[in-house]
Amino acid sequence: MHAFYWGMVSVGVLFLLMWIIHLFLKNAAIVDIGWGLGFILLCVVYILNGRGFNVRNTICLGMVLLWGVRIILYLLKRFSAAKEEDKRYKKIRQDFGKMAWLKFLYIFESQATLEIIIGTPLMVVSFNPNPGLSYMAISGIVIFIIALVGETVSDEQLHAFKSNVMNKGKTCDVGLWRYSRHPNYFFEWLVWVGFFVYALDSPMGWVAVISPMIMFYLLMYVSGVPLAEAQSLQARGEEYRRYQQTTSMFVPWFKCRGDL
């Protein structure tokens, strides 16, 4: 509970600072950058309050750093390139008017709370009395590496497709995007499956299953796939509907027979 308390306080303060920064920037999209920072901070706090920087915990931190730094750099690049605030946040400003600052404080701190829950594998691992790696932990590392590579590749493929002026207004259906409409979300979910498996042989390791379960729910039913699908249908209409009919929504899979 001591580690959980300090983790909660640390991440809560981090997102409070991010919220203050957003007041000056007048751009709430900075909350997305806090996503990666929060888990890195959380992992360090748990390790310092747990078994320290032994082999198992150091590797766990390395995994979080690889994932976190990649997503921070990716989002920073997107944040700096954006000419205006995301439509979602602009609508909140419009709907809440002068009270929008309070709504954004709620959004920022809600994300901090979500990170505490999703970061359960990091806390479980940090208190494992076995400092070495088991076959289960190694399996988690392998899953994590596959997921991180898949997420990186899918993001780069999408960026390359959009960077080509010949593809303006078209649906990306090359590389991993030929086999899944949202490979980036699938591999993001798989990252947390990797952390769950890495934590599974720790005492109370089974509770870490909450992490991939929540990520799956959020990506499939809340802020991931539904939002992306709606935006794509609005922007590309019938072309995207044909893409939906032939391509797996989440898990990469072969094209439907009618497309072959």
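**Note on the predicted structure: salt bridges, cores, surface patch and cysteines**

1. Arg56 is buried, with a relative accessible area of 1%; buried means under 20% relative accessible area, exposed over 50%, and partly exposed in between (1.4 Å probe, protein chains only). The model is a predicted one, in which local features need pLDDT of at least 70, side-chain atom pairs count only at pLDDT 80 or more, and totals for chains, interfaces and linings use all residues. Residues are numbered from 1 along each chain as its sequence is written, and side-chain values use heavy atoms, with hydrogens and water left out.

2. Arg56 forms a salt bridge with Asp201, at 3.1 Å from N to O. A salt bridge is a side-chain nitrogen of Lys or Arg within 4 Å of a carboxyl oxygen of Asp or Glu. Arg56 belongs to helix α3 (residues 55–81) and Asp201 to the loop between α8 and α9, so the pair ties together parts that are 145 residues apart in sequence. Helices (H or I, at least four residues) and strands (E, at least two) are DSSP runs, numbered from the N terminus. Asp201 is partly exposed, at 30% relative accessible area. By the salt-bridge rule, the count is nine.

3. Which residues are joined with Arg70 into one network? Salt bridges that share partners connect Arg70, Glu151 and Asp155. The bridge between Arg70 and Glu151 has an N to O distance of 3.6 Å, while in the bridge between Asp155 and Arg70 the closest N and O atoms are 3.0 Å apart. Asp155 lies in helix α7 and Arg70 in helix α3, so this pair ties together parts that are 85 residues apart in sequence. Arg70 is buried at 16%, Glu151 is buried at 5%, and Asp155 is also buried, at 5%.

4. The largest nonpolar core has 60 residues, and Phe39, Trp67, Phe104, Phe108, Leu122, Trp192 and Phe195 have the most contacts inside it. A nonpolar core is a set of buried Ala, Val, Leu, Ile, Met, Phe, Trp, Tyr and Cys residues joined through side-chain atoms within 4.5 Å. Helix α8 (residues 183–199) gives the most to this core, with 11 residues. Apart from this core lies another, of six residues, among them Leu158, Phe161, Cys172 and Tyr243.

5. A nonpolar patch lies on the surface, with about 930 Å² of accessible area; its residues include Val13, Leu23, Phe96 and Trp101. Patches are made of residues with over 30% relative accessible area and no salt bridge, with like charges joined within 9 Å and nonpolar side chains (Val, Leu, Ile, Met, Phe, Trp, Tyr) within 5 Å. Accessible areas come from the Shrake-Rupley method with a 1.4 Å probe; for residues, only the protein chains shown count as cover. Helix α1 gives the most to the patch, with six residues. Leu23, in helix α1, is partly exposed at 37%.

6. Are Cys43 and Cys60 buried or exposed? Cys43 is buried at 1%, and Cys60 is buried at 2%. The sulfur of Cys43 is 4.3 Å from that of Cys60, the closest cysteine sulfur, which is too far for a bond. A disulfide is a pair of cysteine sulfur atoms within 2.5 Å, and by this rule the count is zero.

7. Lys26, which is not a glycine, has a positive phi of about 55°; Lys26 lies in the loop between α1 and α2 (30–49) and is exposed at 61%. Met204 has a positive phi near 65°.
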